Amino acid sequence: MRGIAKRYPGVVALDGVDLEVRRGEVHVLLGENGAGKSTLMKVLAGAVRRDAGEVRIDGEAVALGDPRAAQRAGVSIIYQEFNLVPHLSVADNLYLGREPRGAWPGLIDQKTMVRDASRQLAALGVSIDPQARVADLGVAEQQMVEVAKALSIDARILVMDEPTSALTEQEIERLFTVIRSLRARGVAVIYISHRMEELFQIGDRVTVMRDGRHVGTRVLADCTMDELVRLMVGRALTEQFPARTARQGEEALRVEGLCRRGVLHDISFSLRRGEVVGLAGLMGSGRTELARAIFGADPIDAGRIWLRGRAVTIRSPRQAIREGLGFLTEDRKRQGLVLCRDIEENTSLAHLDRFTRAGVLSPRRAAETAGRLTTELRVKTPGLGQRVVNLSGGNQQKVVLAKWLCREADVLIFDEPTRGIDVGAKAEIYQLIQRLAGEGRAILMISSELPEILGLSDRILVMHRGHLAGEFRGGEVTPEQLLHCALGSPPAP
Ligand SMILES: Nc1ncnc2c1ncn2[C@@H]1O[C@H](COP(=O)(O)OP(=O)(O)OP(=O)(O)O)[C@@H](O)[C@H]1O
Ligand SMILES: [Mg+2]
């Protein structure tokens, strides 16, 4: 790719970017949120029309903004924001537009399709029913379906835009095995991720972008993490995890004997004011389900909940919010944001009561709050009127954060709060979590990134198959111990 340029109203997304990727290499694309990585890849895939520049694949020029031409040239892409059709089955999604034909013209060979789909999924080592509806899958499972879909196309250039943001260590390992075998077969893999440690495991070369420009290409084996961060952020970063300084106060939340048939089994724990508790576990271990049950988003079969020492029955998220609970969902696209609305509306939507006097909404107060929070979180946008769908992935995540910071909740549940967030902004979010704890809030943080769990938590709970399988003090546990517990050995009590 040479001199690729792309502007949007008020934003220069790409400003003459060059990228050269070789056959049989894993080429990492690195840059802060909003640097232009996804846009560059959409140009490659023909999904976005470039304003200038040229794309050559095997020396052949590829036409402007023509997805089919890019596909014919061998480009397959896993988009950061999933592109699955929710009401279709997994198999339908895998073979959309290129379904195997049946015996009669116009018929789809369902049997073959389902069989091939389960073979693809099995190759990735995941047990997902090919006939399940995509809408019924969790984020991690959807991500695996996206991966399977990209792999089922015989690609020569495979783009993975944050394929691991919702995956845990095990699934990532499996994915890496697949990537390595593709590389050995001569496929060029372009890999985008904000999980810095994995870049060194999987990447051969790295191209760093900043503010829509190319700032450097390096061989990964020859450079250090600090060097990459400096290239990417334009400055060195200080300590990533802030010191734990919050004083713990009285009990803020207590859960006893929480059950949801087939999902959660007899869960009991408590959170204190000022405490950050990490919730670790594998995909499907029930972490998100636990959060949803507490928040009243799913009904429970048994169990009791106390907030600030008072027994409460939470039947809906609306009631949970009124009781002082906040829940930052992992699925920002479906549950965290209204994509077609702007930043201001998204931050204030769950808290209109705060900006209302005598039934009348004060847009000025809502705008002030949204403005303050987006500056604080450094959301990269030309203005508060920008529709959220147009923000880069990481900046969308920051808007979800802003939404919950705009309210004084006593208990905050964060489900993968740094999913898709760049290193610099991650450090800021860690500071923020520490600050919230310092203000006396209780925080339950679900995360699949072990360094994050270990670096931030005062206490760590581990889930395994819907049970609480272990509890550790932060700072007194190794990653291996956590993993062991998450894998279910020793067996859950
Ligand atoms: N359709 C659009 N309309 C307006 N602005 C856009 C659009 N698509 C992207 N942008 C802007 O272009 C810039 C680059 O966005 P891009 O999604 O490429 O960033 P990124 O490097 O992938 O970031 P992230 O790590 O957060 O995913 C951002 O400022 C973004 O807001
Ligand atoms: Mg992106």
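This is a predicted model: local features need pLDDT of at least 70, side-chain atom pairs count only at pLDDT 80 or more; totals for chains, interfaces and linings use all residues.
A358 sits in the loop that links β18 (356–357) to β19 (360–361).

**Overall fold**

- Laid along its principal axes, the C-alpha trace spans about 70 × 50 × 50 Å.
- Buried residues make up 46% of the 493 in the protein.
- If you look at contacts between residues at least 6 apart in sequence, 67% of them join residues at least 24 apart.

**Around ligand 1**

- Which residues come nearest to ligand 1? Of the 20 residues around the ligand, they are Y8, N33, S38, S392 and G394.
- Three elements each supply at least two residues of this shell: β2 (11–17), α1 (37–44) and α14 (393–405).
- Sorted by class, the shell holds 12 polar, 5 nonpolar and 3 charged residues.

**Helix α14, one of the shell elements**

- From its first C-alpha to its last, α14 reaches 19 Å over 13 residues, close to the 18 Å expected at 1.5 Å a residue.
- Is α14 largely enclosed by the rest of the structure or left open? 13 of its 13 residues are buried, so the helix is largely enclosed by the rest of the structure.

- The contact draws 24 residues from domain 1 and 24 residues from domain 2.
- On the domain 1 side, α5 (139–152), α6 (169–184) and α8 (225–233) each supply at least two of the residues that touch domain 2.
- Which helix gives the most to that side of domain 1? α6 does, with 3 residues.
- By class, the side of domain 1 that touches domain 2 has 10 polar, 8 nonpolar and 6 charged residues.

- Back at A358, phi is near 50 degrees, a positive value in a residue other than glycine.
- A358 is exposed, since 4 other C-beta atoms lie within 10 Å.
- R378 also deserves a look: its phi is near 55 degrees, again positive in a residue other than glycine.
- You will find R378 in the loop between α13 (363–376) and α14.
- R378 counts as partly exposed, with 14 C-beta neighbours inside 10 Å.

**I4, a strand residue**

- I4 has its place in strand β1, which covers residues 2–8.
- Is I4 buried or exposed? With 26 C-beta neighbours inside 10 Å, I4 counts as buried.
- Its contacts, leaving aside neighbours within four places in sequence, are L14, V17, L40, V43, R50 and G53.
- I4 and L361 are 357 residues apart along the chain, and 44 Å separate their C-alpha atoms.

- G424 belongs to helix α15, residues 423–438.
- G424 counts as partly exposed, with 17 C-beta neighbours inside 10 Å.
- Between G424 and R183, 241 residues apart along the chain, the C-alpha distance is 30 Å.
- T224 lies in the loop that runs between β11 (213–219) and α8.
- T224 is exposed, with 10 other C-beta atoms within 10 Å.
- T224 and L487 stand 263 residues apart in sequence and, C-alpha to C-alpha, 32 Å apart in space.

Key
Residues are numbered from 1 along each chain as its sequence is written. Chains are lettered from A and ligands numbered from 1 in the order in which they are written. A residue is buried if 20 or more other C-beta atoms lie within 10 Å of its own, exposed if 12 or fewer, and partly exposed in between; C-beta atoms are placed from the backbone. Two residues are in contact if their C-beta atoms, placed from the backbone, lie within 7 Å. A residue is near a molecule or strand if its C-beta atom, placed from the backbone, lies within 6 Å of it. Helices (H or I, at least four residues) and strands (E, at least two) are DSSP runs, numbered from the N terminus. Ala, Val, Leu, Ile, Met, Phe, Trp, Tyr, Cys and Pro count as nonpolar, Asp, Glu, Lys and Arg as charged, and the others, Gly among them, as polar. The expected span of a helix is 1.5 Å times one less than its number of residues.
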